[in-house]
Amino acid sequence: MKDRRYYAACTLGLEQVLHDELVALGAGSVQTRRGGCEFFGDLAIGYAACLWLRSAVRVQEELFRGRVRHRDDLYGLTRSVDWSRSITTLQTLAVDASVRDSFANDTRFPALVVKDAICDQFREQKDKRPDVERERPDLLVKLVLHADQAILYRDLSGEPLHKRGYRAILHKSPLNEALAAGLLLATDWDRQEPLCDPMCGSATFLVEAAFLATDRAPGLARSFSFERFVDADLAAWRRLYDDAEARAVAGAARCPQLLGNDRHAGALSIAEIAIAAAGLKGKIRLQEGDVAAFAPAVAPKVVVVNPPYGERLDAKDEELIADWRALGNFLHAQCQGARAYVLSGNAELTRHLGLRADRKLPVHNGPIECRWIRYEVGQVSRSADPAS
Ligand SMILES: C[S@@+](CC[C@H](N)C(=O)[O-])C[C@H]1O[C@@H](n2cnc3c(N)ncnc32)[C@H](O)[C@@H]1O
């Protein structure tokens, strides 16, 4: 059977991490693009991508691509896809478009053309059409219109993949789970060394680290759109799911020492709820207090942390500066010989750590361009900190 073509989307900056995940999964001809990767494979590789990719936020299957110079081309191209393979008239539909340099100068018009073409096909064949549902459609169709090239995808994920199912309550500024997992994959953590997050908030890094170390598929506790498609191969899906479940059971005993700390009691109670929902009760040790006073029960070999940062500093940000200095002191005093990875969206604040960076990965956290910075604590002397 001919290979299918897929696209997985990720946070800007994590493309290489996603590429490596896809190769490890057995995807074919993986090509990085800005904000994602294209890949090929059978139907099961699309399902496996949804279940196993840690750094991806969406997986889409390409249904058709072709030249489109005006409305009728787009309508005709959409009609050439057999939509009854995806949904029935009792299911729901939504269309999203992204448009650049094309005949259409907004996204609404081409999205409407695609929706009409799909509904007309159903009406002609079945005398009925699926309803449109923006929030949780059974089928989300994505149109990418770039110059005179149109690509139609169906979204296999449904809810974005970072929604793993363990987080019901949101902390003030939690990391996106797929970003946290991708950042962990971009470290040299061997998945058994003690790992610590001294400003852990709702513990996203720690939960994702536990999943990674215990070989637990990030999508094990949720469902996906493709399960509701008419042409779903539920037997193939069952096999993948059962295998992932068996791997999670086998891996559960391999959870390393995972330690967290935060001064905000509310964040820690949200973290405890997420940890319990993720089935990790007792596997992650959390302490409440200022990082200045944090003494981890086990010396961490790897530290991952996402301290607070404002995009621009002003005088009233003394408190932020003090937090970064306290983090630098903690690393120096408690983590000698460890590798520390710090997500920073503000180079001015990073300076206050008083450590010399040895690698920086540019990565976006939402709209903010950040750096994932690596330090070898104690391997090089503390940098002269003009602020200290
Ligand atoms: C950006 S949030 C971290 C979010 C976290 N990665 C998550 O996914 O929920 C920064 C965290 O640092 C904590 N924090 C800030 N200054 C601190 C300090 N001096 N000591 C301990 N925790 C601190 C805040 O309470 C907040 O939870």
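Two residues are taken to be in contact if their C-beta atoms, placed from the backbone, lie within 7 Å. The model examined here is predicted.

**Exercise 1.** Determine where R222 lies and which residues R222 touches, not counting residues up to four places away in sequence.

*Solution.* 
1. R222 is placed in the loop between α6 and α7 (234-251).
2. Under the contact criterion, and leaving out residues up to four places away in sequence, R222 touches E159, K163, R164 and G165.

**Exercise 2.** Classify the packing of α5 against α6 and list the residues that make the contact.

*Solution.* 
1. The axes of α5 (residues 177-185) and α6 (residues 204-213) come within 9 Å and cross at roughly 60°.
2. Because of this angle, α5 is oblique to α6.
3. The crossing of α5 past α6 is right-handed.
4. On the α5 side the contact is formed by E177, A180, A181 and L184, and on the α6 side by T204, F205, E208, A209 and L212.
5. By residue class, this contact of α5 with α6 comprises 6 nonpolar, 1 polar and 2 charged residues.

**Exercise 3.** Carry out the corresponding analysis for α3 and α4.

*Solution.* 
1. Helix α3 (residues 71-79) and helix α4 (residues 108-126) have axes that come within 9 Å and cross at roughly 40°.
2. The two helices α3 and α4 are therefore oblique to each other.
3. α3 passes α4 with right-handed geometry.
4. From α3, R71, L74, Y75, T78 and R79 meet P110, V113, V114, A117, I118 and Q121 of α4.
5. The contact of α3 with α4 divides into 7 nonpolar, 2 polar and 2 charged residues.

**Exercise 4.** What is the residue composition of the contact of α2 with α7?

*Solution.* 
1. Helix α2 (residues 43-52) packs on α7 at an angle of about 40°, the axes being 10 Å apart.
2. This makes α2 oblique to α7.
3. The crossing is right-handed.
4. L43, A44, Y47, A48 and L51 of α2 make the contact with A236, W237, L240 and A244 of α7.
5. The composition is 9 nonpolar, no polar and no charged residues.

Key: Residues numbered from 1 in each chain as written. Predicted model: local features only at pLDDT ≥ 70, side-chain atom pairs only at ≥ 80, totals over all residues. Axes fitted to C-alpha atoms, helices over the stretch in contact; angles between N-to-C directions. Parallel < 35°, antiparallel > 145°, perpendicular 65-115°, else oblique. Left-handed = near helix turned anticlockwise from the far one by under 90°. Nonpolar A, V, L, I, M, F, W, Y, C, P; charged D, E, K, R; others polar.
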